[in-house]
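Please look over the sequence and the model below before reading on. The text then walks through the fold in steps.

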Amino acid sequence: MSDQAVAEYRIEDLAHHSGATVRTIRAYQDRGLLPKPERRGRSNVYRDTHLARLRQIADLLDRGYTLASIKELLEAWDAGRGLGGVLGLVAEVHGPWTDEEADRISRSELNERFGGRPDDDAVGEACELGVLERIPGRPDEFLVPSPQELAVASELYAAGVPLVAITGHLRELRGQVEHIASRFLEFTTEHVFARYLGHVPPTDTDAAEAAAMVRRLRPLAQQTVDAELARAMRLLATRHLQQHLGAAGVEQPSGPTPVALPAGTVRAVQELVGPDHVAEFVRAATEREIQARTMNELVGRGGR
């Protein structure tokens, strides 16, 4: 076969070059994901177009697409709509969402940072959480996807926090952060990306514009969370410190503490009883609530 000749493959050769199994190739044919081969005598003949299609399918599977959605994308491609914009959007979404670079750590260094003694259970939980990743063929070395996260855990441990408490806190925090991320995605989908979702799959132009929008919005989620976390920490840390200083015996103001009622509540009470009777009404309502709670507590005790 000359250099200009079109490459031809038996199904076994196609499987070897693509990395798919013969069974998988036949399943793709049955699903309509792969064009039918040319029939030559008693044999099927595949070409480079089949090899390229198999590599496209493998790439989309790696990106999290289902076979059903891949079929829609490939049908759009076959109809002449193109996949360039869609794959660009996929690459943008699957790209790094942080500038942090992964690192590696040896088992001995890990032991040294966390107590100096091997702890297989703690390492296993760290791998389960994705704080560490095992490296095939290197049992004494780990990949660290986020060195910052591992450094935080190391500092907390050095400050006296048990490892079990650190991992438990991370699990709880991860759930809360995933909720924030989900809400941000819902918000931006509704108000920003809905305009690009008129076609499934989106047109090449819409996908390219959506990819550019992802690049613009990518840092906003983290910037917003950073700003709000700083605000909340400043507010709550101050309150927390005041509470603990008070519990430690710091002198607190004696006597009743004034309580500011919302302006809307005050206006509603004024309309109900008149401006001259607001204080009397609030006092009576408070006493009534206290009496009701006392009665409920007494009834609850009697039922035990």
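What follows covers a sheet, the salt bridges and a surface patch in this predicted model.

Start with the open sheet of 3 strands, which has the order S1-S3-S2 with antiparallel pairing. Strand S1 (8-9) and strand S2 (38-40) are its edge strands, each pairing on one side only. Between S2 and strand S3 (residues 43-47) there are 3 bridges. Here Arg40 stands opposite Ser43 in S3. Arg40 also belongs to a network of salt bridges with Glu8, Glu38 and Arg47.

In total, the structure holds 13 salt bridges. One of them joins the side chains of Arg10 and Asp13, at 3.3 Å from N to O. Arg10 counts as exposed because its relative accessibility is 51%, over the 50% cut-off, whereas Asp13 is partly exposed at 26%.

Another salt bridge pairs Glu141 with Arg104, their closest N and O atoms being 3.9 Å apart. Glu141 lies in strand S6 (residues 138-144) and Arg104 in strand S4 (residues 103-106), so this pair ties together parts that are 37 residues apart in sequence. Glu141 is buried, with a relative accessible area of 17%, while Arg104 is partly exposed at 45%.

Arg171 and Glu125 also form a salt bridge, with the closest N and O atoms 3.3 Å apart. Arg171 is in helix H9 and Glu125 in helix H7 (residues 120-129), so the pair ties together parts that are 46 residues apart in sequence.

Helix H9 (residues 163-191) also holds Ile180, which is partly exposed at 42% relative accessibility. Together with Val225, Leu229 and Met233, Ile180 forms a nonpolar surface patch with about 360 Å² of accessible area. Helix H10 (residues 204-247) gives the most to this patch, with 3 residues.

Terms used
Residues numbered from 1 in each chain as written. Predicted model: local features only at pLDDT ≥ 70, side-chain atom pairs only at ≥ 80, totals over all residues. Heavy atoms only, no water. Patch = residues over 30% accessible without salt bridge, like charges linked within 9 Å, V, L, I, M, F, W, Y side chains within 5 Å. Areas by Shrake-Rupley, 256 points an atom, 1.4 Å probe, with all protein chains shown as cover. Salt bridge = Lys/Arg side-chain N within 4 Å of Asp/Glu carboxyl O. Helix = DSSP H or I, 4+ residues; strand = E, 2+ residues; numbered from the N terminus. Buried < 20%, exposed > 50% of the residue type's maximum accessible area, 1.4 Å probe, protein only. Pairing = 2+ DSSP bridges.
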